[in-house]
Amino acid sequence: PRHLQLAIWYPMSDAGGRRLTYRDYLALASAETTSSAGTATLAAQDEVGFIAPFVSKGVPVAVVRRWLSAQMMATWDAPPFPGRYPLVVIAQGNGESAHDQAVLAEYLTSHGYVVATCPSQTRISGALATEDQIGASAEDEARDLEFVIAQTASRFDVNMRRIAVVGHSFGARGALVLAMRRPDIGALVSLDGGIGTATGLMSFRAAPSFAPDAVHAPVLHIYETMDAFMNPDWTLLRSIHNAPVWIARADAMHHHHFTSLGGLGSLGACVGTLLAATGGIATTMRSFVEVATAVRVFLDAYIGDAPVAFARAQMASQSSTAHGL
């Protein structure tokens, strides 16, 4: 048994209450392996560690802190809006936590989805030492995601007949194993996921639940070509015979821009300096928006109800709410 932190975003009834900041999301990481909220000391230590790489690239500390203080769209513990919404489970990449996909989660929630995630399994069990551990680690992540689904099932605002999974980086492996284990997964999105590379393929195939023919969920894989370590390879995706597989390239994005780093434009704090520190260019944020839109449209097509989702978005102009349990 181990602690597994859940973060849940849901359409809310009103915009009252305290809006979250990006710092609030980051602070969740300090409580990932405990049964209580992270202490101020631990949260401060995590913040220092988060800031350091930006400072090493010439970004002033004040600029990073301004970003961390930027208001997000979500509000703590607002009343849920009546209705039942499709569930999107986010599989985090290696070492990633709730904040890494917070921008995407808020965006999807604003279009009529309940979104849930938990920390990467490597945040709990430790980093992978060799590629031989890929299959077992992906299986661990899939089981964590199953736990997230089981816990979310008790919510009155979730339609458990409409479930999708979105995975970034290594998380796409966990997402694919989840789809192999569960026939009720209605769609799978891979954000520059490892399932689109040849890395560790033999180990991944050794995962206990590995069975490409068990995948019936349509797959959307979006990849980039700016990072050599994510060199595209379609061997694994071509082994999926019982579901449609869509492959799209995103331009002007590094691997890490498929996280909230690519959504810096939504935070509005000295974007240019921060974006340059991440290797981004002028069109990176536009590409991030295009990726997020493609994910939403794909989910609308396979598990959503596009007209209803649009009406919910109209209803909830600041509709995304986060709840850390």
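These are my notebook entries on a predicted model of a protein.

**Ground rules.** I number residues from 1 along each chain as its sequence is written. Because the model is predicted, I take local features only at pLDDT of at least 70 and side-chain atom pairs only at pLDDT 80 or more, while totals for chains, interfaces and linings use all residues, and side-chain values rest on heavy atoms, with hydrogens and water left out.

**Overall make-up.** I looked up the secondary structure and found twelve helices and ten strands, taken as DSSP runs (helices H or I of at least four residues, strands E of at least two) and numbered from the N terminus. Of the 325 residues, 57% count as buried, where buried means under 20% relative accessible area, exposed over 50% and partly exposed in between, with a 1.4 Å probe and protein chains only. I then took contacts (heavy atoms within 4.5 Å) and noted that, among those between residues at least 6 apart in sequence, 82% join residues at least 24 apart. The accessible surface comes to about 13100 Å², of which 56% belongs to carbon and sulfur atoms; the areas are Shrake-Rupley values with a 1.4 Å probe.

**Positive phi.** Asp77, with phi near 50°, sits in the loop between strand S3 (71-75) and strand S4 (85-91) and is partly exposed at a relative accessible area of 48%. Ser169, with phi near 55°, sits in the loop between strand S6 (158-168) and helix H7 (171-181), and I count Ser169 as buried because its relative accessibility is 14%.

**His99.** I placed His99 in the loop between S4 and helix H4 (102-109), and this residue is buried, with a relative accessible area of 7%. Leaving aside residues up to four places away in sequence, His99 touches Tyr22, Tyr25, Leu26, Phe50 and Ser260.

**Largest pocket.** I recorded a volume of about 640 Å³ for the largest pocket. Of the 28 residues that line this pocket, the closest to its centre are Asn94, Glu96, His168, Ser169 and His255. A pocket here is an open set of points on a 1 Å grid over the protein atoms alone, where a 1.4 Å probe fits, with protein on both sides within 12 Å along at least five of seven lines, and lining residues have an atom within 4 Å of a point. Helix H2 (residues 40-56) gives the largest share of the lining, four residues. By class, I noted eleven nonpolar, twelve polar and five charged residues in the lining, with Asp, Glu, Lys and Arg counted as charged.

Terms used: Points joined across faces, edges and corners; volume = space filled by probe spheres on them.
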